[in-house]
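Welcome! Here is a short tour for anyone meeting this structure for the first time.

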Amino acid sequence: MISEKYLRKVILNADVYAICVQHALTTEKQEIMGLLIGEVDEEKYISHISACVILHRMDKQPDRVEISPEQLCTASMHAEQLANKLKRPMRVLGWYHSHPHITVWPSHVDTRTQAMYQTMDPLFVGMIFSVFQSDPRLRSNQVQLTCFQAYQGTSELERREIEFVIKSSPLQNYNLEGISNLPRILVQEEVDSHDVKDSNTQDELASLHNDSFKTLALVHIVSKVARPLCDDLEERLKAVNARIKALESLKKKLREN
Ligand SMILES: [Zn+2]
């Protein structure tokens, strides 16, 4: 029996990792966020994360990644549907957000938000993806990931890093849906934010200007997110088909012998 109730380990499906990274790489100006779904081992305090929900941003200010009660509710419903479909006890296990151009470590706001979630669920986990961190010497972009929980230190809230492993897994149907929804969610965010701006302006020229920016943003989503995503999935399909072919010829050979 373990005395203190905090998360000991996170096992993250490779697909969920891929979705989160794709999501984080969609913008280098704002932080993106979402919720993590899976099963938890209540005896060993280990989380198995096998799905996620990409969320709309409510507030596009830096360091203001907030999840509304409605979003939490929608994610819980999604987890419940998955639980029914898979006949496994799936539920919301944590949240993730991105840190474009900054270190992976949680800010004070992040730690406070995390502590709040833990009052509802002591095993709730926070995940941060640091993206667009470039090292001029390496000429490459780095992606870093941390899993953390908050705890009350002697004087202030502190963070505890949680060990995690990324587990390879076949692409699940529900994760494929999640990833293909990404461009649609981004488009919706753009349309919503431009419509708000547009309703405040009466000036024709300003409205024309805003419209052209909206078009530009939408074209950006298609060319920088949707198309690469399609290419990626097509490559994946090719790889899977090649693997099926190889396995079938192996089967044939084994039958012949
Ligand atoms: Zn943060």
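Domain bounds here come from an automatic or database domain assignment. On that basis, the protein is divided into domain 1 (9-167) and domain 2 (173-256). This is a predicted model, in which local features need pLDDT of at least 70 and side-chain atom pairs count only at pLDDT 80 or more, while totals for chains, interfaces and linings use all residues. Residues are numbered from 1 along each chain as its sequence is written.

**Overall picture**
- The protein has five helices and eight strands; helices (H or I, at least four residues) and strands (E, at least two) are DSSP runs, numbered from the N terminus.
- Along its principal axes, the C-alpha trace spans about 80 × 55 × 45 Å.

**Where the domains meet**
- The C-alpha centres of domain 1 and domain 2 are 22 Å apart.
- In domain 1, 12 residues are in contact with 12 residues of domain 2, contact being C-beta atoms, placed from the backbone, within 7 Å.
- On the side of domain 1 that touches domain 2, helix 1 (14-24) and strand 3 (46-54) are the elements that give two or more residues.
- Helix 1 supplies the largest share of that side, five residues.

**Helix 5**
- Helix 5 (residues 204-256) has 53 residues and reaches 76 Å from its first C-alpha to its last, close to the 78 Å expected at 1.5 Å a residue; the expected span is 1.5 Å times one less than the number of residues.
- At valine 222, helix 5 bends by about 30°, the angle between axes fitted to the seven residues ending there and the seven starting there.

Terms used: Two residues are in contact if their C-beta atoms, placed from the backbone, lie within 7 Å.
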